[in-house]
Amino acid sequence: MKTLLCSFALFLSAGVFAATAHASFSMAQVTNVPYPSGLVAAKQGNRIAWVLDKQGVRNIWIAEAPGFTPRQVTKYTGDDGQELTQLGFSPDGTYLVYVRGGDHDANWPAKGNLAPDPTSAPVEPEVTIWSIALDSGKLVKIADGDEPAVSSTNRLAFISKHQVWTAALDGKGKPQQLVFDRGEDGSLRWSPDGSRLAFVSTRDDHAFIGVFRSKDQPLVYLAPTTSLDGSPHWSPDGSRIAFARQPGLGGAPQPLLQQTPQPWSIWVADAASGAGHLVWRSPDSLNGSYPETEGADNLHWAAGDRLVFLGDMDGWPHLYSVPASGGDALLLTPGQFMAEFVRLSPDRRYLVYNANTGSTAGDGDRRHLYRVPVDAARPQVLTSGATIEWLPVVTGDGKHLAFLQSGAKRPPLVVVASTDGTDAHAINADQIPRDFPTGQLVVPQPVTFKAADGWTIHGQLFGGDHGGAAKPAIIFVHGGPPRQMFL
């Protein structure tokens, strides 16, 4: 996400600088564009929600079928640097929960004076959990905490001081600690019936998957070892939990100047007894290392008792599926491209994702949406052309697809379509300021050139109309700084 957003910002700024010296617009006209992020969909019904950053002021908007008319549900007014993240609907779609504050996109957790405070407020910013009753619009601060998770019975669990707590969604009553655990807890996952809670308990050099059942029953740890376990996901019937396992920390030091494989595996354990078995193991190679793409392993329990996940085994981040009982992994998305922002459909039968591939020239530098069955390598194109699409979600009723879309001359917008990609239309185009200089921005051209070490470098060339004379241009290099050239 961070790479994609930065890319779009650089497209716009570089387009401004590479347009002509006689440009009649200001940098403010480009940078004042509202920016949507954090798009989510309710598990039931047809509601979606997102965060809109408008000149630094963040607020949450929602929309619902049939018209998907955007409606603002928070009323923040200050450019105070406080994030709005981790949006999530209650399973029945009546509440929206979110986190305000923190620095969740940073390289390390926000702690103490590391929390963002760009306004130099004398009161230390907090990380807090809020809920919105969508029918009445009532906004309630629930507790200081992070990582909210709402059960199918509207029971809220969250993390506070590295432990699991619970509170009422309407803010009534006092939050209570739900679990005492000797580790630092996170990755909360409720069982489908809402009676049990799976979580990750990190113990410095290793981590367990724990299951909370009730106050009078001991915690169950799933196939515990000295490995680093994470990413728990319940089976649809609530009897089993799939999770990812990596080797624990420690052992002989690894060489600093040499890449070493980081193998991982997928396990399934009985949620009652904790007994587990190996489902799949990655090759012990650099390509088989634990993925670092958006969503990491993207592990999900799909229909047909299959597990879907993302791996880099052929050098590209691709989607795979494997029987929960174990066996060979099936490659679902073959080709020379990367899959990212993966979402499992509500019926668990297909995956929606974006990938830098397509039939339009230059698609290697864009992102388009695709869907693929969880049990067959039959990807279907959902979007195409000279735009960029990412962060897809499918509404709980399975009838609509929502995503973010931008172009070289158009800022990001929220788009709604049918789940086959047809009838796509932007629902918040009125957020683009009237003075946005669409006609004066430059469409970048893909270029390649050889670096001193022989590598082929891919870049984006931003040129302008200078009557054929030699002119300055900016080439944006993916993963590196822009380079100025005269052409």
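The model is predicted, so local features need pLDDT of at least 70, side-chain atom pairs count only at pLDDT 80 or more, and totals for chains, interfaces and linings use all residues. Residues are numbered from 1 along each chain as its sequence is written, and side-chain values use heavy atoms, with hydrogens and water left out.

**Open sheet β1 to β4**

- Four strands make an open sheet, in the order β1-β2-β3-β4, with antiparallel pairing.
- β1 (35-41) and β4 (71-72) are the edge strands; each has a single partner, so one side of each lacks a neighbour in the sheet.
- Strands here are DSSP runs of E of at least two residues, numbered from the N terminus.
- Two strands count as paired if DSSP finds at least two bridges between them.
- β1 and β2 (residues 47-54) run antiparallel and are joined by five bridges.
- Within that pair, Ser37 stands opposite Val51 in β2.

**Nonpolar cores**

- A nonpolar core is a set of buried Ala, Val, Leu, Ile, Met, Phe, Trp, Tyr and Cys residues joined through side-chain atoms within 4.5 Å.
- Buried means under 20% relative accessible area, exposed means over 50%, and partly exposed lies in between (1.4 Å probe, protein chains only).
- The largest nonpolar core has 19 residues; Leu39, Ile48, Trp50, Phe68, Trp390, Val414 and Ile427 have the most contacts inside it.
- At least two residues of this core come from each of β1, β2, β3 (57-64), β29 (388-394), β30 (400-407) and β31 (410-418).
- β29 contributes the most to this core, with four residues.
- A second, separate core has 16 residues, including Ala49, Ile62, Val73 and Leu87.
- Phe68, one of the residues with the most contacts inside the largest core, touches Asn46, Ile48, Ala63, Thr395, His400, Val416 and Ile427, not counting residues up to four places away in sequence.
- Contact here means heavy atoms within 4.5 Å.

- All six of the six residues in strand β22 (residues 306-311) are buried.
- Both faces of β22 are covered: Arg306, Val308 and Leu310 are buried on one side, and Leu307, Phe309 and Gly311 on the other.
- Strand β21 (residues 300-302) runs antiparallel to β22, with three bridges joining the two.
- His300 has Val308 as its bridge partner in β22.
- Three residues separate β21 and β22 in their hairpin, where Gly304 in the turn has a positive phi of about 70 degrees.
- β22 also runs antiparallel to strand β23 (residues 318-323), through six bridges.
- In this pair, Arg306 stands opposite Pro323 in β23.
- Six residues lie between β22 and β23 in their hairpin, and Gly315 in the turn has a positive phi of about 90 degrees.

- Strand β5 (residues 84-89) and strand β6 (residues 95-100) pair antiparallel over four bridges.
- Thr85 stands opposite Val99 in β6.
- This hairpin has five residues between its strands, and Gly93 takes a positive phi near 80 degrees.

**Cavities and a pocket**

- On a 1 Å grid over the protein atoms alone, a cavity is a set of points where a 1.4 Å probe fits but cannot get out; a pocket is an open set with protein on both sides within 12 Å along at least five of seven lines; lining residues have an atom within 4 Å of a point.
- Grid points are joined across faces, edges and corners, and a volume is the space filled by probe spheres set on the points.
- The whole structure holds two cavities of 30 Å³ or more.
- The largest cavity has about 50 Å³ of space, and residues that line it include Tyr76, Asp80, Leu84 and Arg100.
- Its lining has three nonpolar, four polar and three charged residues.
- For these classes, Ala, Val, Leu, Ile, Met, Phe, Trp, Tyr, Cys and Pro are nonpolar, Asp, Glu, Lys and Arg are charged, and the others, Gly among them, are polar.
- The second largest cavity has about 40 Å³ of space, and Val33, Leu52, Leu413 and Ile432 are among the residues that line it.
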